[in-house]
Amino acid sequence: MREDFLLLNPGPVPLAREVRTAMSEPMVSHRSAEFESVYERAQNSLDYIFERSSLDGTKTTSGGTSLVFNGTATMAMEAAVANLAGEGDEVVTVVNGKFGRRFKRIADRYANVTPVEFDWGHPVEPEAVAEAVSDDTKVVTMVHNETSTGLLNPVAEVGEIAEEHDAYFVVDGVTSLGGDEFLVDEWNVDVAVTDAQKCLAAPPGTSAMYATPRAQEAFDGEKAPFYEDLDWHLRKAESHQTPFTSAVPLFRGLAVAVENIEEEGMQERISRHRSQSRAFRAAFMAMGLSMFPEKNDESEYSNTLTAISLPAGVRENPDAFFDAVTDRSVSISGGQAHLGGEIFRVSNMGNLSSEQILRGVRAIGEAFHEAGEDVDLEAGMAAAREQLR
Ligand code: PLP
């Protein structure tokens with residue numbers, strides 16, 4: 001792979017050189033002091049991220065524990081649900097995209113599930129959630145930033161409903177944490193999960209969880225899958241170890257990546273992500289394209305990835321367009337499941353520079369020209385530059 005190949009997929013995202021270097025250091029035992037120090041560094045910076053993801057720099061929570069798992073966020077989502085709910089327990093899951101559906105499919109394996117479903121790309125209607133949640137509800141699950149559609153979901157409103165009924169609120173912050181606001185206490189979040197390879201800009205293969213003291217008290221590791229017993233993970237984490245063999249190189253890469261985030265500062269990082277996603281949106285609108293889905297209110301759009309409807313002409317042969325992007329050493333994503341061939345998705349997660357955002361805009365505009373779509377590339381570039389200024 002060329003060094004300058006630019007990944008603009010919604011994860012994995014490009015890695016900093018020092019993250020890649022950290023992964024190739026000589027191996028150590030996962031029971032050594034060296035490893036404990038790696039995990040401790042990762043935990044400290046993850047605490048910072050989970051507790052300081054606010055635009056105004058204020059602390060959003062305290063007193064919880066950050067855990068790192070061997071395994072991607074799907075495993076962390078399962079661990080959260082399976083340690084809180086079991087046979088006979090009621091779980092309400094909010095679904096308006098692929099990852100909301102994943103939470104539902106996970107919860108289906110462990111508990112009685114009431115899904116609150118909307119079309120993919122349709123905003124979550126809190127009134128419908130309020131109807132489904134009752135005092136019998138043990139857990140409510142929801143995705144903050146729905147990666148399959150580029151929609152930002154109303155976590156605050158749903159968290160309020162969960163709190164009114166004393167239910168545990170488990171939130172997937174996979175494509176928001178580390179790049180956008182995530183207000184743990186204000187939103188009544190009990191468990192937050194995220195992936196390494198998204199806004200954290202770490203190698204894929206690990207995931208992270210923030211468990212509040214309230215959630216920790218409720219965990220029942222005995223009923224969870226053996227590998228995902230969170231009581232055990234929490235016990236071992238006190239001495240900065242994991243119950244089983246840790247993926248040492250991945251933990252090392254993660255530790256450096258999250259330290260980099262702490263160095264940048266979450267306030268700066270959130271502002272940067274917001275201006276970069278505005279730049280993508282403005283560029284594609286100026287080119288004459290349409291957002292997927294079209295919304296009146298900008299605040300409903302993700303600040304870490306942008307989903308755009310493919311024009312009718314390009315839908316006839318979307319591969320020609322995607323190949324033309326790749327020919328320019330840039331990688332973007334198409335739609336998932338039934339949205340395949342209907343949209344493209346471009347990410348601004350991680351550590352991208354303004355130049356990389358502009359390179360993405362140019363590559364996509366040129367690819368449209370090559371695919372026979374007459375978009376106004378220079379207007380798109382000017383609109384993006386304006387937002388990045
Ligand atoms: N949740 C969201 C919002 C995601 O975007 C993803 C991955 O793209 C996941 C969960 C699951 O991630 P993984 O496949 O890494 O387990």
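Helices here (H or I, at least four residues) and strands (E, at least two) are DSSP runs, numbered from the N terminus. This is a predicted model, so to speak a calculated one: local features need pLDDT of at least 70, side-chain atom pairs count only at pLDDT 80 or more, and totals for chains, interfaces and linings use all residues. Residues are numbered from 1 along each chain as its sequence is written, and side-chain values use heavy atoms, with hydrogens and water left out.

Let's start with the loops. Ser 329 sits in the loop between helix H12 (318-327) and strand S13 (330-331). For context, most residues other than glycine have a negative phi, and most peptide bonds are trans.

## Around the ligand

Now for the ligand. A residue counts as near when one of its heavy atoms lies within 4 Å of the molecule. There are 15 residues around the ligand, and Thr 74, Thr 147, Asp 172, Asp 195 and Lys 198 come nearest. By class, this shell has five nonpolar, six polar and four charged residues. The classes are simple: Ala, Val, Leu, Ile, Met, Phe, Trp, Tyr, Cys and Pro are nonpolar, Asp, Glu, Lys and Arg are charged, and the others, Gly among them, are polar.

| Side chain | Distance to a ligand oxygen |
|---|---|
| Thr 147 | 2.5 Å |
| Gln 197 | 3.1 Å |
| Arg 102 | 3.4 Å |

On its own the ligand has 390 Å² of accessible area, and the protein covers 88% of that; the areas come from the Shrake-Rupley method with a 1.4 Å probe, and for residues only the protein chains shown count as cover. Helix H3 (73-84) and helix H4 (98-108) are the elements that give two or more residues to the shell. H3 gives the most, with three residues.

## On a 1 Å grid over the protein atoms alone, a pocket is an open set of points with protein on both sides within 12 Å along at least five of seven lines, while a cavity is a set where a 1.4 Å probe fits but cannot get out; lining residues have an atom within 4 Å of a point. Grid points are joined across faces, edges and corners, and a volume is the space filled by probe spheres set on the points.

The largest pocket has a volume of about 420 Å³. Of its 22 lining residues, Glu 3, Phe 5, Pro 14, Leu 15 and Arg 20 are the closest to the centre. Strand S1 (6-7) and helix H13 (354-370) each supply at least two residues of this lining, which by class has 14 nonpolar, three polar and five charged residues. Why does the largest pocket lie between domain 1 (17-264) and domain 2 (268-388)? Both domains give residues to its lining, so it lies between them. The domain bounds come from an automatic or database domain assignment.

The second largest pocket holds about 270 Å³ of space. It is lined by 16 residues, with His 144, Leu 152, Asn 153, Pro 154 and Ser 299 the closest to its centre. Strand S7 (151-152) and helix H6 (155-164) are the elements that give two or more residues to this lining. Domain 1 and domain 2 each provide at least three residues of the lining of the second largest pocket, and its classes come out as eight nonpolar, four polar and four charged.

## The cavity

The structure holds one cavity of 30 Å³ or more. The largest cavity has a volume of about 50 Å³, and its lining is made up of Val 68, Phe 69, Asn 70, Tyr 227, His 233, Thr 242, Pro 243 and Phe 244. Strand S2 (residues 65-70) gives the largest share of that lining, three residues.

Methods. A polar contact is a pair of N or O atoms within 3.5 Å; within protein, one must be able to donate a hydrogen and the other to accept it, and residues adjacent in sequence count only if both atoms are side-chain atoms.
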